[in-house]
Each structure stands twice: as structure tokens, then as C-alpha cells.
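Let's take a walk through this model together. Have the sequence and the 3D view open as you read.

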Amino acid sequence: MKIANTGMRKKVIIGVESFLFTLLFNLSAHAGDTTVPYPQEYRQWLHVKSMIIEPGHALANPFQGIHHVYANQKAQTGLENGKYPNGSILVFDLLAYEHNDKSIQEKERKLIGVMVKDDNLYKNTGGWGFEGFAGNSRSKRLVTDNGAACFSCHTAQKGHDYVFSITRQ
Ligand code: HEC
């Protein structure tokens, strides 16, 4: 494109400058943000495993219920070799259950637990961001200590990048 006069050229330069300014502003606003995003559509991801925790089990408070574990695409290499690349996400989907005519049926969702891998953002918790969302809420967050309590238990799995679940072939 040929720019006809200096007035026009100035306008183009100002346009480019304000674009760069907006870009830098947005980047700096998000840099260092440790908020774990709600994992949209996680029920479409790989289902890794399920487990029922009954009253009396060591994890019954607060994890009594039936839970399913899901892994996004990036987390799938980790499930195989124990090393999770940044961007890996694992979801622990916990529902209440009831015994019904010799069957166990899912009931309402109690919470979801989320682990998202970012070595730079979550240095104090093994490179994982931990969060919980209450019930079906996408905004009611449960973790208030930056994941310290979650991590203190997950640290038992240090040799497997702090993840308990493994894939069964
Ligand atoms: C007292 C121990 C303990 C605490 C505290 C704990 N977890 Fe876990 N977590 C486990 C165990 C055990 C499993 C594996 C469950 C299974 O085998 O199905 C697990 C599994 C998970 C998974 C699936 C990936 C994996 O490691 O298998 C996620 C995601 C998760 N937990 C998130 C959280 C979050 C978020 C918190 C804090 C709010 C938390 N956990 C606190 C013990 C714990």
C-alpha cells in the first residue's frame, strides 16, 4: 500500500502504536495470574479412571462419593511417562451416590478438583495449580491457600509428577 501524504502516514503510525500499547497492556495484565481457569468441556476429555470412596475411608472427608478422573490432550503423555508438559490439566469430578436396588447410582455433583501444569506460575506446588469448584459452579472457588493443602497430600506422588492416577491399558 502506498501512503499518499504525511497526515495519513501519521495516522497509520499512531494506529500501530496504540495497537502495540493495547497488546503490551493485555499481556502484562495476564502475566503472573495464578488463577486456575474452570476446565470447560472436561467431560469430553479422556476418562482415566473412576473410584467410589465410602464412609470410613481415609479420604472420606471431604472426598466421599464417586469420582471420575479426566485428562486433557497434553496430560495424556504424562499419564504414560510420568512427566506432564505445561498446559496439562487433570480433573477430579466428585459426585454423591446412592445404593439403589443392588446398584450404585450417581447423584448430584459435590465438587470438581482441578490440577493445571505451569512450571513458572506454580513453583511452590510442584509446578501444578490446584483449585476446586463447588457443585456445578464455574465461579465458586474452594481453594484459599494457593493449593498448599492439596499439594501436601499429592506430594506423596512426587515420583509421578504429583499425580496419583495412571492409565490402565
Ligand atoms: C489427603 C490427600 C489428598 C488431598 C488433600 C487432595 N487430594 Fe487430590 N487426590 C488424592 C488421591 C489419593 C487421588 C487419586 C484418586 C484415584 O485414584 O482415583 C487424587 C486425585 C486428584 C486428581 C486427579 C489426578 C491425580 O492425581 O490422580 C486431581 C485433579 C486432584 N486430586 C485435585 C486435588 C485438589 C484440587 C485438591 C485440593 C483441593 C486435592 N486434590 C487434595 C488425594 C488427595
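What follows starts with the overall layout, moves on to the ligand and ends with a few local details.

First, some ground rules: this is a predicted model, where local features need pLDDT of at least 70 and side-chain atom pairs count only at pLDDT 80 or more, while totals for chains, interfaces and linings use all residues. Residues are numbered from 1 along each chain as its sequence is written, and side-chain values use heavy atoms, with hydrogens and water left out.

The chain has 4 helices and 5 strands, where helices (H or I, at least four residues) and strands (E, at least two) are DSSP runs numbered from the N terminus. Read from the N terminus on, the order is α-β-α-β-α-β-β-β-α. Of the 169 residues in the chain, 33% are buried; here buried means under 20% relative accessible area, exposed means over 50%, and partly exposed is in between (1.4 Å probe, protein chains only).

Now for the ligand. It sits in the largest pocket. A pocket, on a 1 Å grid over the protein atoms alone, is an open set of points where a 1.4 Å probe fits, with protein on both sides within 12 Å along at least five of seven lines, and a molecule sits in one if more than half of its atoms lie within 2 Å of its grid points. Around the ligand there are 21 residues, and Lys 49, His 67, Cys 150, Cys 153 and His 154 come nearest; to be near, a residue needs a heavy atom within 4 Å. By class, this shell has 15 nonpolar, 4 polar and 2 charged residues. For that count, Ala, Val, Leu, Ile, Met, Phe, Trp, Tyr, Cys and Pro are nonpolar, Asp, Glu, Lys and Arg are charged, and the others, Gly among them, are polar. Helix 4 gives the largest share of the shell, 4 residues.

Thr 77 is partly exposed, at 40% relative accessible area. Ser 88 is 11 residues away in sequence and 9.2 Å away in space, C-alpha to C-alpha. Ser 88 sits in the loop between helix 3 and strand 3 and is buried because its relative accessibility is 0%.

Last, some backbone geometry. Most residues other than glycine have a negative phi, and most peptide bonds are trans. The bond from Asn 61 to Pro 62, though, is cis, with omega near 15°. Lys 102 has a positive phi, near 60°, and is exposed at 90% relative accessibility. Tyr 162 has a positive phi too, near 70°, but is buried, with a relative accessible area of 10%.

Notes
1 Å grid on protein atoms, 1.4 Å probe; cavity = no way out; pocket = protein on both sides within 12 Å on 5 of 7 lines; lining within 4 Å.
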